[in-house]
Amino acid sequence: MYLGLGFAGYFPIEDIVTLRKLYSPFQGHPHRLKLPGVEVSSGSLGQGLSIAVGMALAGKLDGHNHTVFCIMGDGAQQEGNIWEAAMEASHYKLDNLVGIIDRNRLQIDGWVKDVMNVEPLDERYRSFGWEVIEVDGHDIEQVVHALQQAKSGPVPGKPTVVIANTVKGKGISFMENVAGWHGKAPSHDEMVKGLDELGLKNVIAYDALLNKAKKYQSEVDATLAAKTPAFSRDYWWNSTSQMRVKMEPTRKGFGQSLQKNGEDERVVCLGLDISGSITISDFYAGKPERKSRWVSMGIAEQSATAAAAGLAREGKLPVFGTYGTFAAARNLDQIRVSVCYGNFNVLIVGAHGVSVGPDGATHQALEDLFAMCGLPNMSVVVPCDVIETRKATDYLLLQHVGPKYIRFAREATAVVTTGDTPFVFGMANVIRLRREAPEMIDAFETVLAPNYVNEREDLSIIACGPMVPEAMRAAWVLKQEFGYETRVVNMHTMKPIDETAIIRAAKETGIVITAEEHQIGALAWRVSSVITETPELYGVPVISGAIGVKDRFGDSGAPWELIKEFGVSAEHIAQKAVELLAIAKIKKEEERFQLTH
Ligand SMILES: Cc1ncc(C[n+]2csc(CCOP(=O)(O)OP(=O)(O)O)c2C)c(N)n1
């Protein structure tokens, strides 16, 4: 799409080398506010045809004779949203609307026919009142002819769909018809081979383009460095020989738990065409006998949610998951009414907050915890690393009864717990820095919050998910740079929240900072409401701060870049702590002054 717009003259084609990089107008999914030529922002499948219906309706209302075109995938046809729009288009006789379907027969989890069959598409559209034209999508003459035909409105009062048969990755031997090439960049060698096979190797000056991308990246690096608080030395992950950590994708803990607990015959996993990426497919990996309890639902989050409620109604333990945005936002009403109102035992998995990185704003779940924590009957767990994710899934899947939501990251995240670290649902852990050590995990001590004895630390940081390792790193910065002692509270269970741990942190340290990889508020407001509503704390001065995303959409970029861009790194937490500690000092001096005068 970006190349098409470039060739049409909207911007210099070579600018597209910044694709999916931070601040780039070429976002992981197109955004109309960032790039000329993009008519509507997209990224959440199945909504485009409805927007096109709206635009075509407006054209009719205003008496314009333009045509609205909407390009869709064939896997995307699994979204019920598309068929609502298809119905509306024929009902309102939108002969100024043309749908184009790229029928390459592949989607992320494999062949469309295996994931969730959508054929026969031609008959289905005809039965919805559309005119259908089928073409070879690689034959430009056929495509142009079909579009001209469609534009002239072949049958008055009928919308038209052009079904373009294509081959994904056509012309490149190792990409043709391979599902794995979704959203994945080739290596340098693969790129050269691919260009060679397309006859473009000597046509495209790829070295110059790569240099342009490199230059852009160094500008991004400089901007980010300027935005990140600096201290006397570098405390970034594994940047020195001390305090080293193992990094492992958090999502793997979820897959490990499903592998183990999938033996339970009640467990049924629902696939939503992103199965490998979130590791839900580990449920049946190497266990073909479990395939009967693997239900591929296609890209149809809303129906799958209500179907999960139905499975739970019959005594099953359904698990479904996808990107947090599609697991907990698109289907919010189904979660609210079908799952929560009926109080069904469904495990919902929201994957990849900031860590989807280059996919950009549409795929970065930064609001899901508001909704999930706001639902009656729902329990919410946000584990901090791969091991805690496994323990949390073990517990939620087999022991906890009722609606439950777990949220974890895709990228490698610092492993800061061990098999022996306590994990008790609804009960926080207190983590304390004891020394600098070669391995960070050995430098900290973790105890279950009720077992913690007050050490009158200078401040508390209450964190959840991937912010727990960041909070631990902030505690290290604060100790090394300023000698401050920090109580890190791992609030892995966000609902029901551990009120006692919050009250103690507020009372015993007087400064509470929350840290969340989410719009500020899911954790911050829950913590502040405990502090403000607890009679025990009436009149007790508590200085508070909140680290999180500040009411903005995400951006494409590497996950570690986004942590800095969103202002949620350990360095940002430490900076906030220093500010609050300075305020606390002034307050103490004011009090002393008042007492002595
Ligand atoms: C609502 C929603 N659910 C899931 C996704 C994740 N996703 C992105 S592309 C894709 C597969 C799309 O398949 P298809 O429409 O056939 O497009 P193609 O494979 O040809 O790119 C999925 C599941 C999404 N973007 N939006």
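Where does the ligand lie relative to domain 1 (44–181) and domain 2 (248–414)? A few notes for a first look follow.

1. Before anything else, this is a predicted model: local features need pLDDT of at least 70, side-chain atom pairs count only at pLDDT 80 or more, and totals for chains, interfaces and linings use all residues. Residue numbers start from 1 along each chain, as its sequence is written.

2. To the opening question: the ligand lies between the two domains, because domain 1 and domain 2 both give residues to the shell around it. That shell holds 20 residues, and the closest are Leu-45, Gly-73, Gly-75, Ala-76 and Gln-107. A residue counts as near a molecule if its C-beta atom, placed from the backbone, lies within 6 Å of it.

3. The shell is made up of seven nonpolar, nine polar and four charged residues.

4. Now the domains: the assignment gives domain 1 (44–181), domain 2 (248–414) and domain 3 (426–590), with bounds that come from an automatic or database domain assignment. The centres of domain 1 and domain 2, taken over C-alpha atoms, are 31 Å apart. Their contact takes 12 residues from domain 1 and 14 residues from domain 2 (C-beta atoms, placed from the backbone, within 7 Å). On the side of domain 1 that touches domain 2, there are five nonpolar, five polar and two charged residues.

5. Look next at the open sheet of seven strands, ordered β9-β8-β10-β11-β13-β12-β19, with mixed pairing. Two strands pair if DSSP finds at least two bridges between them. At the edges sit β9 (294–296) and β19 (493–495), each pairing on one side only. From one strand to the next, the twist averages 20°. Strands β8 (residues 267–271) and β9 run parallel and are joined by three bridges; Leu-270 stands opposite Val-295 in β9.

6. Helix α15 (residues 386–398) lies across β8, β10 (317–323), β11 (347–351), β12 (379–381) and β13 (404–408), and runs at about 165° to β13. Axes here are lines fitted to C-alpha atoms, for helices over the stretch in contact, and angles run from 0 to 180 degrees between N-to-C directions.

7. Overall, the protein has 21 helices and 21 strands. These are DSSP runs numbered from the N terminus: helices are H or I with at least four residues, strands E with at least two. The C-alpha trace spans about 90 × 60 × 50 Å along its principal axes.

Methods. Nonpolar A, V, L, I, M, F, W, Y, C, P; charged D, E, K, R; others polar. Contact = placed C-beta atoms within 7 Å.
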